[in-house]
Amino acid sequence: MRELDAVLESFIENSFDALDDDDKSRFAAILDLSDPQLYRYIAGRTEPADPHHARLIRGIRDSLKLRR
């Protein structure tokens, strides 16, 4: 999914370095999700059950709002 790739690339370029080591590991873990599942999370259609992943996904979504 090109849209998903663009979102994640933007997040990596602009926000990834500010994450702590645990969140960097969580980010790597969410990349293992299927594209459709990750897209649903990023689009806000569903939320991850893991609260740490949910917080990270919200951070990715928030970074999109700041770029618009």
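Q: Leaving aside its neighbours within four places in sequence, which residues is I42 in contact with?
A: Once those neighbours within four places are set aside, I42 is in contact with L4, V7, I57, I60, R61 and L64, where contact means heavy atoms within 4.5 Å. This is a predicted model, in which local features need pLDDT of at least 70 and side-chain atom pairs count only at pLDDT 80 or more, while totals for chains, interfaces and linings use all residues. Residues are numbered from 1 along each chain as its sequence is written, and side-chain values use heavy atoms, with hydrogens and water left out.

Q: And the largest nonpolar core, how many residues has it got?
A: The largest nonpolar core has 14 residues, and those with the most contacts inside it are F27, I30, L38, I42, I57 and I60; such a core is a set of buried Ala, Val, Leu, Ile, Met, Phe, Trp, Tyr and Cys residues joined through side-chain atoms within 4.5 Å.

Q: Which elements give two or more residues to this core?
A: They are α1 (2-14), α2, α3 and α4, the helices being DSSP runs of H or I with at least four residues, numbered from the N terminus.

Q: Switching to charges, how many salt bridges does the structure hold?
A: The structure holds four salt bridges, each defined as a side-chain nitrogen of Lys or Arg within 4 Å of a carboxyl oxygen of Asp or Glu.

Q: What about R26 and D23, are they buried or exposed?
A: R26 and D23 are both buried, which here means under 20% relative accessible area, with exposed being over 50% and partly exposed in between (1.4 Å probe, protein chains only). Their side chains meet in a salt bridge at 2.8 Å, N to O, and both residues lie in helix α2 (residues 21-30), three residues apart, about one turn of the helix.

Q: Where do D23 and R55 lie?
A: The side chains of D23 and R55 form a salt bridge at 3.0 Å, N to O. This pair links distant parts of the chain, with D23 in helix α2 and R55 in helix α4 (residues 51-67), 32 residues apart. D23 has a relative accessible area of 6%, whereas R55, at 38%, counts as partly exposed.

Q: And which residue does E47 form a salt bridge with?
A: E47 pairs with R61, their closest N and O atoms being 2.9 Å apart. E47 lies in the loop between α3 (35-42) and α4, and R61 in helix α4, so the pair ties together parts that are 14 residues apart in sequence. E47 is partly exposed at 39% relative accessibility, while R61 is buried at 16%.

Q: Which residues do salt bridges that share partners join into one network?
A: D23, R26 and R55 are joined in that way.
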